[in-house]
Amino acid sequence: MLRADVYRPGGPGPWPVLLSRLPYGKQIPMMTVMLDPLAAARRGFMVVIQDTRGRFASEGEWEPFTYVESDGYDTVRWAAALPGSNGSVGMIGDSYFGNTQWMAALSKPPELKAIAPMITWSDPEDGLWTRGGAIELGLTVPWSLLQGADTLMRRHSTDLDGLVSGITGLVQDFDGLANGGYGELPAGRFPAFARHDLPELGYERSRREPEWAASGRVAGRHDEVDLPTFQVGGWYDIFSQGTLDNFTAMRRAGRSATLVMGPWTHTNWRHVVGDVNFGFGAHSDFMGMRGRLADMQFDWFRRTIGDLLPAPQRPDRGSGGRCGGERVHLRAPRGPRDQGMERRPGRNPANEGCPGGHAGPPRHPGRGRFRGGEACRHASGGRHRIRPL
C-alpha cells in the first residue's frame, strides 16, 4: 500500500489536484522548494505528495523505476477520486520525480491533464546511468548509497544492533568513496552495493536486463504523451540536455510545451553558481523581476487543470509566465559554463473521512491500490532578463 499526504484548501471545492511522487521522503527541503503545499492550497489546489513504492511510509519493495509507470497510473486515478477533487490532476516535481510524471503520462490515466517536469532526463543513457558511453559513477554510487539508508532502516526495524552496524558500514563506505571506494570497481557489481545488498540506480540492472531499461526512458515515446507540459531546466544541470530533448520532442509531436531555462544547477536555483554571480534577477524567486518560478507554474496549472478554480485567495505576485508552445529563456552572461497547515474554524465537509483512509477507484488490473490515511493534512537581476524567444 502506498501512502500520501493530502492537503486541501479551505472553502468549498471542487479543486484540481497537484500530485508529486518521490522516493526521498515527503519532508525533505527539496520537496517544499519544488511544491509548497500551503502555497498551492492557498491558490486553490488540492495537493497530494506520495512516497513511491518501498520508500518511507509506503509499503512494498524498493526497486528504482520498476513500478513507476503502473503505480503512477493508479495514483493519478486515486487522487482524481478524492473527496473535493474536480477530477483533473496535474503533476509536478524534479529529477526522479520529474521522471515519475513522464512515466505516469505514458500510462495514460484519463484524469491526468498536465505535467510540469523539472531538471529530468530523456534517455537514462545520457546523464543518468552513462554519459558518452562512460558509467556515471559520480551519480550512480552516492545516490544508491544515500537511498540505502531507508532500505537498511526498514530491513532492521526490529533489530537495533543490525541497524547500527548496517548504517555505520554504509556511512563508512560513503565517506570512503574518494579515497578508495571508486577504486574497488570490478567488472560486475559495485562492491559497496553488494556488501549492503542495496538496489542501485539502474546501470547494472540495465546491462543484465536490457528490456528493463525502458522503465525510466522517455526518449522515443514523446508522441504517446498527449498532454501540455511546463518544463524547467538549468544550463549547469546534469540533465540539461535531457530537458531540452524532452521539450523539442514534444514540440515536434505537436504538443503544447513551455520551457524555462536558467543558469541553475541540479540543486541550486539561486543566482550564484560557483564563483559566478548571474545577477539577482536570475534567482528562481525573481525571474528577471517578473515573479517567482512557482507562481508561473501555478498560473499555468490554473489554465490547464483549474477551469473550475475560484480567484486566488490572496493577490498574485504576477509571474507574467505564459503557456502554449512558448520558450522562456533566462539568459546568462558569458562565463563558465513541517508541512504547512492552515486551520479554519467551523465544519468543512470536504475534510470528512480523514484520516480514516480514502477508498480509491477500482484498481487497474494487476496493479496496487492506494489510500490516504494517518498522514492526511488539511491546509486551508542585473542585466539578465527573462523573455519569450
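When I say that residues touch, I mean contact, that is, heavy atoms within 4.5 Å. This is a predicted model, in which local features need pLDDT of at least 70 and side-chain atom pairs count only at pLDDT 80 or more, while totals for chains, interfaces and linings use all residues. Residues are numbered from 1 along each chain as its sequence is written, and side-chain values use heavy atoms, with hydrogens and water left out.

Let me start with F301, which touches L18, F45, G90, M91, I92, A114, A116 and G306, leaving aside residues up to four places away in sequence. F301 is also, with V48, L112 and L293, among the residues with the most contacts inside the largest nonpolar core, which has 73 residues; such a core is a set of buried (under 20% relative accessible area, 1.4 Å probe, protein chains only) Ala, Val, Leu, Ile, Met, Phe, Trp, Tyr and Cys residues joined through side-chain atoms within 4.5 Å. Helix 4, residues 96–107, gives the most to this core, with seven residues, helices being DSSP runs of H or I with at least four residues, numbered from the N terminus. Apart from this core lies another, of nine residues, including L145, F190, A192 and F193.

Turning to open space, a pocket is, on a 1 Å grid over the protein atoms alone, an open set of points where a 1.4 Å probe fits, with protein on both sides within 12 Å along at least five of seven lines, and its lining residues have an atom within 4 Å of a point. Of its 34 lining residues, M30, V33, M34, D94 and W269 are the closest to its centre.

How values were computed. Buried means under 20% relative accessible area, exposed over 50%, partly exposed in between (1.4 Å probe, protein chains only). Helices (H or I, at least four residues) and strands (E, at least two) are DSSP runs, numbered from the N terminus.
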